[in-house]
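Could you walk me through this structure in plain terms? I would like a short report that I can follow while looking at the model.

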Amino acid sequence: MRELLLCPPDYYGIEYEINPWMSRARGAEAALAQKQWEQLHATLSKLDCKVHLITPQPGLPDMVFTANAGLTVGRKFIPSNFRHKERAGEQPFFAKWMEQRGYEVSWLRENLYFEGEGDALFSGDALFCGYKFRSDIQSHRAVADMLGCLAISVELVDPRFYHLDTCFCPLPDGGAFWFPMAFDDYGQRAIREHVRDLIDVSPEEATHFSCNAVVLRCDIVLPEGAPQLMTKLEHRGYRCHALPMSEFIKAGGACKCLTMFMPQRESVS
Amino acid sequence: MFSETIELRGHIIDSLILPKVLDQILTHGANFKIGEIEIGKKRADQSFARIEVSAETAEALDELILRLRQHGAEVAKREDAQLASAPADGVFPRDFYVTTNQQTFVRFDGKEIEVQPAMMDSAIAVDRKRGAARAVKFFDVRKGDEIIVGHQGVRVVPVQRATSRTDVFQFINTIIDADEPKSAIIRELAGELQRVRRARGEIAVVVGPAIVRTGAGQHLVRLIESRFVDRLFAGNSFAAYDLERALFGTSLGISPDLAFARGGRENFVRAVNAIREVGGIAAAIKKKIVTSGIMHACVRHNVDIVLTGSIRDEGPIPGVTTDAIEAQKVMREKLTDVTHALLLATLHHSLAVASMLAPTVKTVCVDIDPSAVERAVEHQPLQSIGLVTDVEPFLRELTDYLSDSRVRD
């Protein structure tokens, strides 16, 4: 059974602006955010998985986005090194929580920016890693060294899709759905060369954070607003669970950003 | 050119980072040379590439490196050059670095300094206080001078071949054999010389006695009169043959105007004596003893004449530098600002000059002996043209084109 880590949105809010979605002038509605998160929690809990919760911390509004806590493979947890100081305070809480549950915490060098599962997603035996806006390409090499796996670095070029998990979602059948224009030409070619059966998401649906989805076997939990994508996924045998995510999209996140797999993979092979 | 060595590590092949970095270098107008590449064998193995990146300016290089760093490029660490003291006057330390004629930089105290001048078969002396590095010959070195040993911290930047056709040198870069047509090349050369003259470049002409003996002297005179020669390098014999012809109508006793004329060698010796008698070439011209010929044209048109001697010289004619070391110094000094060199029908003098030229000097070598042409152009492999031909028709055709206003330039 897959295990997931979520963080209740007790302290969630738009308190700073570190991506194009965030605007303090257009803050998130706390009650609605709470309701949307609870819907996500409930939906995931009903699927074939076990959900863990980490205690939220005051002053760390983005801790709710647990995908950026780090990357877990087997019993190894690689904590993130956040690019923005506003989020750096989350790191020790996540690392301690994982350590207390028996995970081996493997630290990256302090000068390597790496934002966890937000920028590192397995497809097949390759770990696809996004770089430029948040994670540095140098961190990919270090992660590949730690895990002993193939890391394919792809450059993100659209600041709205600043993390890999905002524009690329691998599927268990070896395919993926993605928004190609979020990548440079070389990144697009690298993904096309390594991932068969790609589903292109339209620009309109991509801006609804449709790629920011949690995939659990045949179930896909994604933000609402992507009817075309859902049709394509359902045609391939997936069950889609569309959820309202408006209050989290205001901060540049949705279903996947709110979820970290523990582990994302049991092993790299 | 300014350059820096970068290193790429990781899954740079699967991620297409290597082609991306190479493409970015080229699209920013810079060049690259892959020094080392190791491709991972297994799927999870990482690869490595060391790439030398060079750009026209230091600023362009910095900006490019900054961009490449975003894609994981790391600037390779450079070590300082190693120094050792010269053990005695005129002796380099063992393992001293031997220079090429290419632009060379040395690194010491963490900074890179260009070696001046770019001079082949020399050592590099470093003056730490002045932050200077100079190429030195044996006669330049004094006991205790700090000389670079080994290759560490030394970087050579070869002249790059242009990717687009800008002139005949970059277009051809080869030797035209005796049985190949030459008119088109000579016409292009004429155009190039006209451009050089307008751009105030400095043209050096290195000449051998065959020019006088084949009757090509008159064409060289036209070249001088048309201001296409700034400096003339020759030996004692060349000057003597030319002066003999001016004084007696022969060169080494032979008149090029008479089909079967044979004369004695004595005219040659008498000509040398005549010049020695008046104290030199300029004096002979001033006194109207010499009223024609190449030397005459040079003096009349203020062309710098650099005459150096050899073992077989008669005389010598006053003004010929006979001390070999002194001659090297004079020639180097007179070649400093030369932009174009015509090496015409003289093997040893051409080789001596070619070995002293900066790599950027464009060179034309004309000789009837293919091996002479080959040896002379090898010093400037990307900036030279060799023509295997008698020098007389070459010079005749060149001067005809130069006087023809229709020559394209």
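Here is a short tour of this predicted model.

## Where the chains meet

Let's begin with the contact between the two chains. On one side are 15 residues of chain B, and they are in contact with 17 residues of chain A. Strand 1 (2–10) and helix 1 (17–27) are the elements of chain B that each give two or more residues to this side. Helix 1 of chain B provides the largest share, 3 residues. Sorted by class, the chain B side has 4 nonpolar, 7 polar and 4 charged residues.

## A mostly covered helix

Next, look at helix 7 of chain B, which runs over residues 236–248. Its 13 residues reach 18 Å from the first C-alpha to the last, close to the 18 Å expected. Of these 13 residues, 11 are buried, including Phe238(B), Tyr241(B) and Leu243(B). Just after this helix, Gly249(B) takes a positive phi of about 80 degrees.

## Backbone details to find

In chain A, one joins Met262(A) and Pro263(A), with omega about 0 degrees; Pro263(A) sits in the segment after strand 15. In chain B, the bond from Gln116(B) to Pro117(B) is cis, with omega near -15 degrees.

Pro117(B) lies in the loop between strand 7 and strand 8 of chain B, and Asp121(B) is in the loop between strand 7 and strand 8 as well. Asp121(B) is not a glycine, yet its phi is positive, near 55 degrees. Is Asp121(B) buried or exposed? Asp121(B) counts as exposed because 12 other C-beta atoms lie within 10 Å.

Ala345(B) also has a positive phi, near 55 degrees, and is found between strand 16 and helix 12 of chain B. Ala345(B) counts as buried because it has 29 C-beta neighbours inside 10 Å.

Definitions and conventions. Residues are numbered from 1 along each chain as its sequence is written. Chains are lettered from A and ligands numbered from 1 in the order in which they are written. This is a predicted model: local features need pLDDT of at least 70, side-chain atom pairs count only at pLDDT 80 or more; totals for chains, interfaces and linings use all residues. Helices (H or I, at least four residues) and strands (E, at least two) are DSSP runs, numbered from the N terminus. The expected span of a helix is 1.5 Å times one less than its number of residues. A residue is buried if 20 or more other C-beta atoms lie within 10 Å of its own, exposed if 12 or fewer, and partly exposed in between; C-beta atoms are placed from the backbone. Two residues are in contact if their C-beta atoms, placed from the backbone, lie within 7 Å. Ala, Val, Leu, Ile, Met, Phe, Trp, Tyr, Cys and Pro count as nonpolar, Asp, Glu, Lys and Arg as charged, and the others, Gly among them, as polar.
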